[in-house]
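Welcome! Here is a short tour for anyone meeting this structure for the first time. Please take a look at the sequence and the model before reading on.

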Amino acid sequence: MKSRLITCVAVVVVILGARLAAHHSFAAQYDPTKSIRITGTLSKVEWGNPHTYFYLDVKEQDGTVVTWGCEGAAPAQLSRRGFKRGDLKLGDVMTVDGYRARDGSRLMDARRVTLADGRIVSGGSPGDGGPQ
């Protein structure tokens with residue numbers, strides 16, 4: 001009986017540990033001194049927990065197209081702010097203001113999203129340690 005309890009506790013700790021490791025703070029991933037604005041065509045959406053991700057194809061000055069990943073809050077948080085899954089339509093042109101990833105990759109924390117219809121919604125999470 002005791003060994004079963006220990007095994008169950010160990011399994012729960014491993015599962016919770018994996019979830020916690022997958023989540024990160026703003027400060028660990030993004031640089032608050034590197035604000036950025038991108039405008040591009042929506043090419044992919046991942047609407048899931050603990051964060052949503054959407055991807056924009058952005059045309060560089062030399063004409064090449066690069067894909068940027070934009071991280072937003074959890075779906076429930078976005079929904080409470082009026083940002084619904086149906087607002088993101090593949091092919092729409094959007095503008096995103098946020099903060100660039102510390103590692104220099106084409107990933108950003110999406111703080112303000114200007115949708116194709118002109119509405120502006122907040123993509124970040126209040127209290128996550130990032131700029132407001």
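## Salt bridges

A search of the whole structure turns up 7 salt bridges, a salt bridge being a side-chain nitrogen of Lys or Arg within 4 Å of a carboxyl oxygen of Asp or Glu. In general, side chains of opposite charge can pair when their charged atoms come close. One of the bridges brings together the side chains of Asp87 and Arg119, at 2.8 Å from N to O. Asp87 sits in the loop between α3 (75-80) and β4, while Arg119 sits in the loop between β5 and β6 (120-122), so this pair ties together parts that are 32 residues apart in sequence. Helices (H or I, at least four residues) and strands (E, at least two) are DSSP runs, numbered from the N terminus.

How well covered are these partners? Asp87 is buried at 17% relative accessible area, and Arg119 is partly exposed at 34%. Here buried means under 20% relative accessible area, exposed means over 50%, and partly exposed lies in between (1.4 Å probe, protein chains only). Arg119 also forms a salt bridge with Asp117, with the closest N and O atoms 3.1 Å apart; Asp117 is exposed, at 55%.

Another bridge joins Asp109 and Arg111, whose closest N and O atoms are 2.5 Å apart. Asp109 is buried at 5% relative accessibility, and Arg111 is buried as well, at 12%. Salt bridges with shared partners also link Arg37, Asp97 and Arg112 into one network.

## About the model

This is a predicted model, in which local features need pLDDT of at least 70 and side-chain atom pairs count only at pLDDT 80 or more, while totals for chains, interfaces and linings use all residues. Residues are numbered from 1 along each chain as its sequence is written, and side-chain values use heavy atoms, leaving out hydrogens and water.

The average pLDDT (the predictor's confidence in each residue, from 0 to 100) is 80 for the chain, and 74% of the residues score at least 70. Over residues 5-23, pLDDT stays under 50, and the model has 2 contacts beyond four places in sequence for them. A contact means heavy atoms within 4.5 Å.

## Overall layout

The chain has 3 helices and 6 strands, arranged along the sequence as α-α-β-β-β-α-β-β-β. Of its 132 residues, 36% are buried. Among contacts with a separation of 6 or more, 55% are between residues 24 or more positions apart.

## The nonpolar cores

A nonpolar core is a set of buried Ala, Val, Leu, Ile, Met, Phe, Trp, Tyr and Cys residues joined through side-chain atoms within 4.5 Å. Which residues touch the most other members of the largest core? Among its 21 residues, they are Ile38, Phe54, Leu56, Cys70, Met94, Val96 and Val113. Two or more residues come from each of β1 (30-46), β2 (52-59), β3 (65-72), β4 (93-101) and β5 (107-114). Apart from this core lies another, of 5 residues, including Phe26, Tyr30, Tyr99 and Leu107.

Leaving aside neighbours within four places in sequence, Met94 is in contact with residues including Ile38, Phe54, Leu56, Leu88 and Val113.

## A buried aspartate

Asp31 lies in strand β1 and is buried, with a relative accessible area of 12%. Which residues does Asp31 contact, leaving aside neighbours within four places in sequence? They are Tyr99, Arg100 and Arg102.
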